[in-house]
Amino acid sequence: MSSPARSQLSGRRAWLPPIAVVAAGAAGSIVLAAWSPLAASDPLRGVVTALPLVIALLGAAGGLALPSREPSGGDRALASELMLLSVWIAAVFARPLLGLAGVDRALAVALVLLLGTHLARRLVAIGRSLPALDASAVPPAATPMLGPRLFLFALAFYTAVLPWSTSQRPPDGDEPWYLLTAHSLAQDFDTDLADDYRDRESLRFLDRAIEPQPGDPVGPSGEIYSRHAPFLPILLAPFYAAAGKHGALFAMAMLTAATLAAWWPLARGIWPDRPRELLAQWSVLALLPPFLVYSHQLWVEVPAALMVTLAALSIQRLSHRQRRMDWVVLAATLLALPALKLRFGLLSASLLALAFVRLARHRRRLLVVGAVGVVVGAGLLLYNRHLFGNALRIHEWQELLLYRYPASDYVSHFVGLFFDLAFGLFAAAPIWMLLLPGVVRTLRSDRALRLGQDLAIVCLPYLILVASRREWFGGWSPPFRYPLALLPLLALLAVPAWSDLRHSRARAVTAMLALASLGLVVGYVAAPGLTYSFADGRSRLLDS
């Protein structure tokens with residue numbers, strides 16, 4: 001057997017034990033879901049049910065071969081964590097016997113803090129083992145198996161948070177209609193919701209029966225369709241068919257974790273000489289809001305973030321070497337973005353423009369991708385025209401005349417995307433304010449010109465479009481949910497700021513921001529409803 005074939009076979013065998021561990025954990029959770037000793041109305045029942053899968057995901061991550069230098073006392077730390085987990089489980093089951101009412105929120109927070117501490121310890125160990133690579137290496141070196149490991153870390157964290165959060169906060173906003181469409185696809189294999197409204201099928205995942213939204217199209221035979229694109233429900237339908245609402249939400253957690261796994265090789269290619277800074281920024285991106293909040297909610301921005309990250313990664317890889325799979329991923333993501341949501345077509349156009357700049361030798365192939373994209377986009381517009389009587393669905397062409405809005409609105413909305421206390425990124429987790437010194441450090445680096453150009457090409461057109469939105473009834477700005485798809489790219493700018501931690505002043509400021517962010521996470525876990533803000537720009541958290 002040749003050496004490459006032997007290496008490939010060895011790599012496949014390395015995956016078998018982690019897959020078996022995850023399968024065993026999933027089986028344990030399925031058994032607990034059917035025969036849990038906790039009452040069906042117990043808000044912690046779902047958390048206990050998910051524990052076998054969470055532990056299995058963490059164990060599978062440890063089974064992937066990646067050398068790491070555990071800090072001294074690593075075995076003792078693991079033993080202490082297992083003991084604390086045992087105490088937590090005992091406390092959950094002892095509540096009815098001891099009459100401990102009102103401790104559910106504290107127990108939920110305690111589990112998240114325990115899991116977060118465990119992940120922090122393992123990430124520190126990985127960070128100590130990561131070498132700083134040659135920044136001039138072409139192609140940039142990769143760390144094998146770290147991407148899958150980070151995927152499992154993130155998925156374990158989201159899986160632990162999901163049952164509690166969803167038990168405290170029902171689907172809201174547009175989420176019920178995405179779920180209802182996924183239900184129709186899973187049960188009836190169509191997107192006609194007329195029978196689902198008539199039979200009150202939304203009671204399967206909601207405590208109320210929902211009605212059609214304004215602007216929903218009606219067919220000639222009484223069919224009723226959602227005004228939302230069916231692409232996300234199509235992704236969720238198999239998971240909904242397997243496990244209902246929780247299956248669909250778990251699929252969203254998987255999409256979020258996949259985004260974070262794809263971010264690592266993208267960031268490593270840009271900052272190969274800053275492995276520990278990258279891991280610190282990955283922790284912020286993965287374990288704190290806004291991704292922590294949206295990992296178990298049904299919004300199109302999460303799969304859009306995955307597609308944007310994969311497209312940028314494909315362009316980066318194709319600029320160094322040509323692989324057919326990278327071309328397939330690039331074409332698929334560019335075509336899927338407008339199908340997911342029409343406004344994401346601007347992201348596809350921006351990413352295609354970036355590909356023309358960075359892959360100048362392959363412009364003929366890119367022209368073919370662009371031509372197919374134009375055909376697909378025209379097809380979507382014609383489909384909307386036929387179904388809704390409006391190519392933009394519920395929007396009007398006049399909304400695209402961005403010059404009609406005053407410049408002051410663009411400035412206030414753009415600044416509000418980051419600073420607004422109700423909707424801004426920095427209010428969700430103050431540690432994201434490291435973007436500010438990170439931008440300054442990036443501009444001083446030798447990669448400033450290329451990275452700045454790339455991010456300007458991809459991000460600025462879409463941020464300008466988002467800043468033009470005016471439907472928030474007096475709010476300072478649209479919510480950061482709209483540019484969430486760009487957060488993995490924006491996070492690249494914060495990486496150099498972590499190098500400042502060798503200075504005492506920078507360490508003090510970062511520690512304060514981190515503590516404030518941790519406090520918000522505790523609040524969001526204890527009371528998930530606090531993550532929502534009012535449409536008039538007020539903060540639910542500050543009001544409370």
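In the predicted model, L425 touches P290, L417, F418, W432, L435, F480 and L487, when residues up to four places away in sequence are not counted. L425 itself lies in helix α16, which spans residues 425–428.

Once neighbours within four places in sequence are left aside, the contacts of T510 are with I431, L434, W498 and L501.

For the chain as a whole, the secondary structure amounts to 21 helices and zero strands. Of the 544 residues, 51% count as buried. Among the contacts in the chain with a separation of 6 or more, 75% are accounted for by residues 24 or more positions apart.

The packing of helices was examined for several pairs. Helix α4, made up of residues 104–129, and helix α5, made up of residues 146–168, pack at an angle of about 175 degrees, and their axes are 11 Å apart. Because angles over 145 degrees count as roughly antiparallel, α4 is assigned that orientation relative to α5. On the α4 side, the contact is formed by D104, R105, A108, V112, L115, G116, L119, R122, L123 and I126, which meet L146, R149, L150, F153, A156, F157, A160, V161, W164 and Q168 in α5. Divided by class, the residues of this contact between α4 and α5 comprise 14 nonpolar, two polar and four charged.

Helix α13 takes part in two further packing arrangements, with α18 and with α14. The axes of α13 and α18 come within 9 Å and cross at roughly 160 degrees, so that α13 is roughly antiparallel to α18. The crossing in which α13 passes α18 is right-handed. In this contact, L346, L347, S350, L351, A353, L354, V357 and R358 of α13 meet R450, Q453, D454, I457, V458, P461, Y462 and L465 of α18. By class, the contact of α13 with α18 has eleven nonpolar, two polar and three charged residues.

With helix α14 (residues 363–388), α13 packs at an angle of about 170 degrees, the axes being 10 Å apart. The two helices α13 and α14 are therefore roughly antiparallel to each other. Here L352, A355 and F356 in α13 meet R363, L366, L367 and G370 in α14, and by class this contact of α13 with α14 has five nonpolar, one polar and one charged residues.

Turning to charged side chains, the structure holds eleven salt bridges. One of them joins D454 and R358, whose closest N and O atoms are 2.8 Å apart. This pair links distant parts of the chain, with D454 in helix α18 (residues 448–467) and R358 in helix α13, 96 residues apart; D454 and R358 are also listed among the residues through which α13 and α18 meet. Both D454 and R358 are buried.

A salt bridge is also formed between the side chains of E301 and R343, with an N to O distance of 2.7 Å. This pair, too, links distant parts of the chain, 42 residues apart, in that E301 belongs to helix α11 (residues 301–318), whereas R343 is located in the loop between α12 (324–340) and α13 (345–358). E301 and R343 are both buried.

The side chains of E175 and R169 meet in a further salt bridge, for which the N to O distance is 3.1 Å. Both E175 and R169 are classed as buried. Finally, D42, R95 and D104 are linked in a network of salt bridges, and D104 is also one of the α4 residues that take part in the contact with α5.

Technical notes. Residues numbered from 1 in each chain as written. Predicted model: local features only at pLDDT ≥ 70, side-chain atom pairs only at ≥ 80, totals over all residues. Heavy atoms only, no water. Salt bridge = Lys/Arg side-chain N within 4 Å of Asp/Glu carboxyl O. Buried < 20%, exposed > 50% of the residue type's maximum accessible area, 1.4 Å probe, protein only. Helix = DSSP H or I, 4+ residues; strand = E, 2+ residues; numbered from the N terminus. Axes fitted to C-alpha atoms, helices over the stretch in contact; angles between N-to-C directions. Parallel < 35°, antiparallel > 145°, perpendicular 65-115°, else oblique. Left-handed = near helix turned anticlockwise from the far one by under 90°. Contact = heavy atoms within 4.5 Å. Nonpolar A, V, L, I, M, F, W, Y, C, P; charged D, E, K, R; others polar.
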